[in-house]
Amino acid sequence: MDKFADIRPYNNAEVPQVLQRLLGDAEFIEAISRLKFKDAGNLLRALLRPVVRWALKRELKGVADVKALQTVIERYMSAMIEDATSGFTVSGLEYLQPGQAYALMSNHRDITLDPAFTNYALFNNQRDTVRIAIGDNLLTKPYVSDLMRLNKSFIVKRSAKGPRQILKAYRDLSAYILHSVVEEGESIWIAQREGRAKDGVDRTEPAIIKMLAMSQDKQTQSFAEYIQTLKIVPVSISYELDPCDGLKAAELAALAETGSYEKAEDEDVASIAAGIAGDKGQVHVAFGEPLSQPLDSPEAVAAALDKAIIGNYALHDTNIYAYHRLYGAEAPLPVDTTIISGSCSEQQFHARIDALPASHRDVALGIYANAIVSKLNQQSAEEPAGLAD
């Protein structure tokens, strides 16, 4: 009996059948048609749908397993990197031993691109890709769920209602992660928190660690021993430009002004599209050393992850532009940290911020500046304080 059938990624044997289902899904073909021909009218797109289906069928011919599908996906990622970034770099791969499975825990800035860039870095360096935790709140259509699970995503049931359902969902998720890493030897990717760090403050939620520990056998393992079996690796991803900075600033400003914010229908989908298509400037993924020291509580694990994720986070010039605009040109910068020069000039960055409503500008600046504030707080060994709104 496949006890993880409702949340696990599709396996190789299931790939051909799921691809056939997708090619026969009218909503999926329409979605691809809109993506390919976004400036076309409804009538023209309707006429082009058979062509789109034929082209997809041709491209997917011979794809019979997950790795072959990811080879196709890699071509699209390469094209996106070419069109919507000014460069992509990676560090820390030497910490990952080939053939060893890990639980990668990453900061979270973009809904889909954080794990996508992580997998791209691994795939293009001849490493096994990871299975990706994705909330079922994003799987709004059956074809979206199929696409994600074909690409090694496993489902986090955030829609579970009631204490019993929620507890079962977390236990199943914890058991699946342990099963994947320890029994199947397949690495996983999970964000350090639920939801994006929209304010640019990367912090690990101890609740995520508590979820991971639900599968601990307390009779045979201490908490620290169990955590070490997962081989947790901190991952830091940084973007020179955040395509969703204006959207995030609007949400954060509304929360500050009114205390509430209600998402529009399909707002997450719009954020995904903006993240993929928008200019991201330079992008860097930093893999850290696996956590190896004994850590005897969820809070201790979270603190160790924060130290590594913030410490390994590569700054961009845009972080410095924002920090100096908020705190003054003489405000001190972190020492011994990687700074990547990108394609956005200081003048261009300030013009980008000034194009936002006046009440959103300091909030948007904080999205960029808080990476520096976090590093300074860490370097001074102080409690995080004084972060920009």
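**Notebook: strands, a serine and some salt bridges**

I started in strand β6, where V235 is the bridge partner of S106. Strands here are DSSP runs of E with at least two residues, helices are runs of H or I with at least four, and both are numbered from the N terminus. I'm working on a predicted model, where local features need pLDDT of at least 70, side-chain atom pairs count only at pLDDT 80 or more, and totals for chains, interfaces and linings use all residues. Numbering runs from 1 along each chain as its sequence is written, and side-chain values use heavy atoms, with hydrogens and water left out.

**Entry: strand β2**

I looked up what β2 pairs with; two strands count as paired if DSSP finds at least two bridges between them. β2 and β6 (residues 232-239) run parallel and share four bridges. On β5 (residues 188-191) I also found four bridges to β2, again in the parallel sense. There A103 has I188 as its bridge partner.

Which way do the side chains of β2 point? In a regular strand they alternate between the two faces of the sheet. In β2 (residues 103-106), A103 and M105 go one way, L104 and S106 the other, and all are buried. Buried means under 20% relative accessible area, exposed means over 50%, and partly exposed is in between (1.4 Å probe, protein chains only).

**Entry: S271 and the cysteines**

I then went to helix α11 (residues 267-277), which holds S271. S271 counts as buried because its relative accessibility is 6%. I listed what S271 touches, leaving out residues up to four places away in sequence: I111, R196, C244 and L247. Contact here means heavy atoms within 4.5 Å.

My search of the whole structure turned up zero. For C244, the nearest cysteine sulfur belongs to C344 and sits 16 Å away. C244 has a relative accessible area of 1%, so I noted this residue as buried. C344 is buried too, at 8% relative accessibility.

**Entry: helix α5**

How many residues of α5 (residues 113-123) are buried? I got nine of the 11, so this helix is largely enclosed by the rest of the structure. Among them are L113, F117, N119 and Y120.

**Entry: salt bridges**

Side chains of opposite charge can pair when their charged atoms come close. I counted a salt bridge when a side-chain nitrogen of Lys or Arg is within 4 Å of a carboxyl oxygen of Asp or Glu. The structure holds 18 of them.

I looked at R21 and D146, whose closest N and O atoms are 2.9 Å apart. R21 is in helix α1 (residues 15-23) and D146 in helix α6 (residues 142-150), so this pair ties together parts 125 residues apart in sequence. R21 is partly exposed at 39%, whereas D146 is buried at 7%.

Next I took K141 and E27, joined by a salt bridge of 3.1 Å, N to O. K141 lies in the loop between β3 and α6, and E27 in helix α2 (residues 26-36), 114 residues apart. Both ends are partly exposed: K141 at 34%, E27 at 41%.

My last pair was E184 with R131, at 2.6 Å from N to O. E184 sits in the loop between α7 and β5, R131 in strand β3, and 53 residues separate them. I have E184 as partly exposed at 40% and R131 as buried at 13%.

I also jotted down a network of salt bridges linking D2, R8 and E14.

Conventions
A disulfide is a pair of cysteine sulfur atoms within 2.5 Å.
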